Amino acid sequence: MTGRIDSPHGSTRIMRQIFAALFLAAWMPALAWADDPVEAVRAFYKPPFEAELDASRYTDPALAVIQTAHDGNTEGEGSCLDFSIAIDGQDYDDEEITRTLRLAEEPAGSGEARVTASFSNFDTQQEVVWTLRQVSGDWKVADVEGNGWRLSELCQ
């Protein structure tokens, strides 16, 4: 009979294959986030906006600030970064940000790029500029600039 599994070993093998396929399908977007500067920045704007806590997304000088800001702190408590760098604030309307987000890339030299994130948050237009550097083929955040601040200059 075609399509019938007669042995428990066959069932286990097929279940493992299905699990592996589902696992890869779920993680492929996360694994590929750094292939393109715009996609690297887009990851920071996916609710619940926690990508900025992932140190693997940064390179220096931003990496040093992120590590200093969150070193020994749980979920940023007591951190010198008391706001979301992606949102440039503490409060946000994730639906509005997602709906209005526009990302524009501007080459900044060999192996570097700048991505400007423009969005509306509580009916206020905002802009955050991300400087990225290619490190071992992945685009990583080297600096971020918001309204009156630059990540590389914080937490000193």
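Trainee: Which helix is glutamate 39 found in?
Mentor: Helix H2, residues 37–42. Bear in mind that this is a predicted model.

Trainee: Is glutamate 39 buried, exposed or partly exposed, and why?
Mentor: Glutamate 39 counts as partly exposed, because its relative accessibility is 35%. Buried would mean under 20%, and exposed over 50%.

Trainee: What does the side chain of glutamate 39 make a polar contact with?
Mentor: With the side chain of arginine 42, at 3.2 Å.

Trainee: How far is the C-alpha atom of glutamate 39 from that of leucine 103?
Mentor: The separation is 9.0 Å. Along the chain, glutamate 39 and leucine 103 are 64 residues apart.

Trainee: Let's zoom out. How many helices and strands are there?
Mentor: The protein has four helices and five strands. From the N terminus, the order is α-α-α-α-β-β-β-β-β.

Trainee: And what share of the residues is buried?
Mentor: Of the 156 residues, 38% are buried.

Trainee: Surface charge next. Which residues gather in the patch of negative charge?
Mentor: Asp35, Asp36, Glu105 and Asp138.

Trainee: Where is glutamate 105 placed?
Mentor: In strand S1, which covers residues 102–107. Glutamate 105 counts as partly exposed, because its relative accessibility is 40%.

Trainee: New topic: serine 152. Buried or exposed?
Mentor: Buried, because its relative accessibility is 17%, and the cut-off for buried is under 20%.

Trainee: Where does serine 152 lie, and which side chain does it contact?
Mentor: Serine 152 lies in the segment after strand S5 (149–150). Its side chain makes a polar contact of 2.7 Å with the side chain of aspartate 143.

Key: Residues numbered from 1 in each chain as written. Predicted model: local features only at pLDDT ≥ 70, side-chain atom pairs only at ≥ 80, totals over all residues. Heavy atoms only, no water. Patch = residues over 30% accessible without salt bridge, like charges linked within 9 Å, V, L, I, M, F, W, Y side chains within 5 Å. Areas by Shrake-Rupley, 256 points an atom, 1.4 Å probe, with all protein chains shown as cover. Salt bridge = Lys/Arg side-chain N within 4 Å of Asp/Glu carboxyl O. Lys, Arg positive; Asp, Glu negative; His and termini not counted. Charge placed at Lys NZ, Arg CZ, Asp CG, Glu CD. Helix = DSSP H or I, 4+ residues; strand = E, 2+ residues; numbered from the N terminus. Buried < 20%, exposed > 50% of the residue type's maximum accessible area, 1.4 Å probe, protein only. Polar contact = N/O pair within 3.5 Å; in protein donor to acceptor, adjacent residues only side chain to side chain.
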